[in-house]
Each structure stands twice: as structure tokens, then as C-alpha cells.
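This briefing takes up the surroundings of a ligand and the pairing of aromatic rings.

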Amino acid sequence: MRNNPFSLAGKKALVTGAASGIGQAIALGLAEAGAELLLLGHRGNMEETAARIATAGGQSREVRIDLGDLDQLNRQYEEQIGSERIDILVNNAGIIWREPAAEYDTIKWHEVIDVNLHAVFQLSQLVGKGMLEREQGKIINIASLLSFQGGILVPAYTASKHAVAGLTKALANEWASRNVQVNAIAPGYIATANTKAIREDAARNQSIVSRIPAARWGEASDLAGAAVFLASSASDYVNGHVLAVDGGWLAR
Ligand code: NAP
């Protein structure tokens, strides 16, 4: 292909939660497609992600921001990123808390909603302003199958991920005419730290795998191609879409 529409050469991407799991795999995929990376983490060690990007011939820099501390988010962003140009924002960081709804811990409820929803909106505003001024940008939110379904024992997570799908469409409606594409990826069941507890529950694990048409858990690397597509000019006329990468789960 002479002009590769999937190339991210010359682009700078900010990926949240890039130390592990899906965020790490997406950061690596974007770097392999040519983007320079800002790797946002909180507690996780970013060395492995940075080393894998360097091995692939890419460049990255680490940023430390607690996305659960919304009062400090704007200040931390200003101090560490400021007015730096960002072409691609991947709102990937997310947390989950499992507990029956009747006893659900109020503090945990707020923690999940803060990181999974409020921080996504706040960061989209911070990064989106520059994108709107330049009339170019890509925002990719990491949604979930629980943007469509209710889930079991995870009411805060489900509420947050339904909201992320809605926010994706709301921002897309406002920003599409300014050439900023806002879309989401809904990963299926992916083998990461986030899903360790259900993979270790033999009965639950069996019932999940038996429902997946692809007959296996997804790997974090299964998300990279969709992210590169939504980050690249190949998706310039795709707006407000929630792309399921789920081995066929939702089609069942
Ligand atoms: P993971 O390995 O646990 O990654 C979660 C990431 O979120 C970590 O890198 C963590 O960063 C970051 N994070 C958590 N709290 C943060 C905070 N307060 N401030 C900044 N960063 C914070 O899990 P994952 O499975 O890759 O999850 C990534 C995303 O995919 C999440 O949004 C999740 O809901 C979504 N998802 C996952 C699945 C699945 O099956 N795994 C399915 C659907 C959707 P630090 O380690 O640096 O704290």
C-alpha cells in the first residue's frame, strides 16, 4: 500500500493504564504502527511496556497521574503534559469491584465511577480542547460487554461502562464536525489481572468459554488491531461506534 491508511507515523498517543493488560498491548500496537507514546500509569511499573516499545523501535515517555483523584487531575495533567500536542487519546484505565448489590460498598461504588467514567470525561475534555483547536484527533474509550449487558455482582462497573458507551456517542455527536473521531472498543473476556478472579473460578470459567464462539479467552494483543484502526485515518468516517472485540460473544 503506497499511502498506508493505518500508519500512525508522526502521531503522538496518550494511553491510560499502559503498565499492564489491554493498555500495554494497545500502547505497543500503536507504537508498532508508528506513533510516539505517552504512557499514563498510577501504581504500575511501566518499564516492561517502555522496553517492549523500544524493542519495536518506538519511543515512549512515562506520565504518573492518579485518575481516581479528580480534584488533582487537571493540575497533574498541566504539570506533566501541559499543552503538548496529543493526536490520539486511549481512555483505557479502569477498575472493577465485585460485591452483591444489596451490600455494595459505597466508597467502592464511587471509586469505580470516578476512574471508569469521571476521569474519562475529564481527560477527554483536557485532551479534546487541543484536538478541537487543531481540527484533528482520535479518542478511543475502552468500554466492555457490560456496556450492553448487566453482568453479575458488578453494578458500579456495569453502570460506568454503559455510561462510557453513551459518553462516546455524545462526544462523537459534538466533535465529529470538527474532525475529532470519538469511538469505543468493547473487549470481550480478556485474560488480564482484571479477570483473574473469574478465570480462577472453574465453574464460571467453563460457562464463559463455552459461550464464546471463538472458544477461548481473548488475549490483550487481540485488541491492538482495532485500536490501530480507530487511531488511524482509516477510520476518519467512523464516529460514535462501539466496536466489540469479543470472539463473537455478543453475536451469540
Ligand atoms: P488491568 O491490567 O488491571 O489494567 C487496568 C489499568 O488501569 C492498570 O494499568 C492501572 O494502572 C489503571 N488504573 C487503575 N486505577 C487507576 C488510577 N486510579 N489512575 C490511573 N490508572 C489507573 O486490566 P485490563 O483488563 O487490562 O483493563 C483495561 C481496561 O479494559 C479497563 O477499562 C477494563 O474495564 C477494560 N475491560 C477489560 C476486560 C477484560 O476482560 N480484561 C473486558 C472488558 C473491558 P496502574 O497499574 O498503573 O495503577
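The points below cover the ligand site and then the aromatic pairs. The model is predicted, so local features need pLDDT of at least 70 and side-chain atom pairs count only at pLDDT 80 or more, while totals for chains, interfaces and linings use all residues. Residues are numbered from 1 along each chain as its sequence is written, and side-chain values use heavy atoms, with hydrogens and water left out.

**Ligand shell**
- The ligand has 29 residues around it, and His42, Gly44, Asn92, Tyr157 and Thr192 come nearest (a residue is near if one of its heavy atoms lies within 4 Å).
- Twelve residues of this shell are nonpolar, 14 are polar and three are charged, with Gly counted as polar.
- Helix H1 (21-32) and helix H5 (155-175) each contribute at least two shell residues; helices are DSSP runs (H or I) of at least four residues.

**Ligand contacts**
- A ligand nitrogen lies 2.9 Å from a side-chain N or O atom of Asp66.
- A ligand oxygen lies 2.9 Å from a side-chain N or O atom of Lys161.
- The protein buries 89% of the 880 Å² that the ligand exposes when taken alone (Shrake-Rupley method, 1.4 Å probe).

**Aromatic pairs**
- The whole structure holds four aromatic pairs (ring centres within 6.5 Å; planes under 30 degrees apart are stacked, over 60 edge-to-face, the rest tilted).
- Phe6 and Phe229 form a tilted pair, because their ring centres are 6.5 Å apart and their planes stand at 45°.
- Phe6 precedes strand E1 (12-16) and Phe229 belongs to helix H8 (residues 224-231), 223 residues apart; strands are DSSP runs (E) of at least two residues.

Methods
A polar contact is a pair of N or O atoms within 3.5 Å; within protein, one must be able to donate a hydrogen and the other to accept it, and residues adjacent in sequence count only if both atoms are side-chain atoms. Rings of Phe, Tyr and Trp (its six-membered ring) pair if their centres lie within 6.5 Å; planes under 30 degrees apart count as stacked, over 60 as edge-to-face and the rest as tilted.
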